[in-house]
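Student: I would like a close look at one part of this model, beginning with a single residue and its surroundings, and then a careful account of how the rest of the chain is arranged around such details.

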Amino acid sequence: MTLDSPTLTTETKTKMWASTEEVKASQSNIEHSQKMREINNVLQVLDFPDNQEEAFRKVLNNQNFNTLQHLATQSKREILIFLISENKKAVKNSDVATVEREEWIYQVKETTRTNTKLSKIDTKLSKIDTKLSKIKSLFTHDILENNPDIAEKFEILDGVDEPLEKDKILQEILQILKEPWKLKAIIDGLGGADRSNPHYVEFKTVLLGLDSGFTGYFDDLENIHKGTSLATEEVVGSIEWDSWWVIDIDLAANPPLSKMSLIGSEYSFDKELDTKALTELQTESKEVLGAVQESFALLEGLYKPFDVLLNQIRGIWWKPHFWASLKKLVGAFSKEIFSDLAEMYDDMGIKKESHIKEADIDRLAQSHSVAELKQNIETIKTKFTEIKEQLWNKKESLLTDYKAKLKNLVQRDSVEQKRELEVLEFMHSSGFDLFPKELSNRIIGQLKSGMLVIPNLPLGVKNIDLHKGNFGESSVFIDKGKGLNIEAKRNLVKFVNKMISWKIDEPLVVESIANGMSVIDPLELKNTFLSSGIKNTLGWKYNKILENLRTK
């Protein structure tokens, strides 16, 4: 055999020409490889961690090449919707007759688990769209015009289809809003952090729905908004003298009242306040607290243009001639506010190392490197925080001083205070303070006028004065206003019994309570009110109580 005319054996032919089976196997391998490539393309769009991919890969393996090729061009949301639909079909079309029972159960469980994962992710993506819709509704053209950094984020959002990328930008917007002075400036534009302001309430509700971490920010802003308003719980509320009694200040009353009561009891002894002294105290406190409020506003007057300057710096960060442009920006920064700030620093006692001066702004343009520029910016931001904290401390100190002066103003005479507390304590131990004060005062008024006479309970109506510790005892028992004597205590317990049951000795044991050997159980006595018929779910039965008092 020569090279010119080779003789081909059967063995040689087999090696030179592939069989039909080998051709089919080769084509199958190519198709499988192409399919795997498209599956990976789809998984890249989904961009899930490796430990989550396997469940999705199983669903994708059941799709043909054309479907996979189409899916790879879709958004993550569209792919997830398709996968959820396919999973549902897989469960519905499972053929129990052709699959072993155990294998089928496993298949259904796996499909259900995958479907649950997909549904959760789809729900999350839907929520992202809802969140974005809500936050977009808050930002008017004017707000975006005054906040170019937020406006820029919204512009980026308009060009993004990927939900998770949208969520990332949303978080960046929320982070920007957590700069206290930026948030305050926006809210001031809405009319202020006033709970009666519907625009503010809507803004607050939406932001808290997106991130509960804003709670503290809104609390601070609402406190700032209160500012010099002294008719608020923050300033005029309960002044606690001890762990068991308080004095409340009622500025709505004319004249204003101090109302002393036990903690947990609604019955109080009221005393008119010195209107002149109270007015002087309020005027003084409003002036000093107003000065702090003005200091906050002045500091904000510096922060707003500083924030604009930072946004301008960010806008030229990577542009040619950055340093020359930076000097122009800093040179154009208005310095007029610094003289007012210097005066505020002195008035408020701000530490010298916290002062923000012209030199701090100028130093930005004098930076020799990006790192130094960033450090100079952070230094100014730190000073803003320090000044704010010192102003808050100043405000708290003024409020503490105001409350101390107010406490002195409402202070009772020590003898009067001791007597009234003793009476309040006995009212509580006998259940008398469970009746509304308006109701018991009305009945006592009828007793004093002679319109009401209580059989089996003779009371000296001229000697009914709970402030002084007297409740109808005869003159020989009166201890010249030094507190409740034993006869007054007996009368008070009998009076409570008559209101409840018309009997003077039920349901309370008179001698036991009058001598301090026992006290009532408030919950049990309230149930007795209901069972006796003097009260129902709609309220007190005044006529029933009068009927009991008049019955022999």
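Tutor: Let us begin with Tyr402, which has a relative accessible area of 2% and is therefore buried, the cut-off for that class being under 20%. The model is a predicted one, and Tyr402 belongs to helix H17, which covers residues 370-410.

Leaving aside residues up to four places away in sequence, Ser367 touches Trp323, Glu372, Leu373 and Asn376. Lys327 is 40 residues from Ser367 along the chain, and the C-alpha atoms of these two are separated by 9.9 Å.

These two residues can be set against the whole protein, in which buried residues make up 41% of the 552 residues. The protein has 23 helices and eight strands, and among its contacts between residues at least 6 apart in sequence, 63% join residues at least 24 apart.

Tyr200, Phe203, Lys204, Val206, Leu207 and Leu210 are the buried residues of H11. Viewed down the helix axis, the buried residues of H11 fall within an arc of 165 degrees, so they line one face of the helix. An α-helix has 3.6 residues a turn, so residues three or four places apart point the same way. On the other side of H11, the exposed residues are Pro198, Thr205 and Gly209.

A pair of helices shows how such elements meet. Helix H18 (residues 414-430) packs with helix H20 (residues 486-501) at an angle of about 40 degrees, their axes being 10 Å apart, and H18 passes H20 in a right-handed crossing. On the side of H18 the contact is made by Glu422, Phe426, Met427 and Ser430, and on the side of H20 by Lys489, Leu492, Val493 and Val496. Sorted by class, this contact of H18 with H20 has five nonpolar, one polar and two charged residues.

The backbone deserves a separate look in the loops. Most residues other than glycine have a negative phi, and most peptide bonds are trans. His321 is not a glycine, yet it has a positive phi of about 60 degrees; His321 is found in the loop between helix H13 (275-316) and helix H14 (322-331), and at 68% relative accessibility it counts as exposed. Asn456, likewise a residue other than glycine, has a positive phi near 70 degrees. The place of Asn456 is in the loop between helix H19 (437-449) and strand E5 (464-465), and with 54% relative accessibility Asn456 counts as exposed. A cis peptide bond runs from Glu506 to Pro507, with omega near 0 degrees, and Pro507 lies in the loop between H20 and helix H21 (510-514).

Technical notes. Residues numbered from 1 in each chain as written. Predicted model: local features only at pLDDT ≥ 70, side-chain atom pairs only at ≥ 80, totals over all residues. Heavy atoms only, no water. Buried < 20%, exposed > 50% of the residue type's maximum accessible area, 1.4 Å probe, protein only. Helix = DSSP H or I, 4+ residues; strand = E, 2+ residues; numbered from the N terminus. Arc of directions from axis to C-beta. Axes fitted to C-alpha atoms, helices over the stretch in contact; angles between N-to-C directions. Left-handed = near helix turned anticlockwise from the far one by under 90°. Contact = heavy atoms within 4.5 Å. Nonpolar A, V, L, I, M, F, W, Y, C, P; charged D, E, K, R; others polar.
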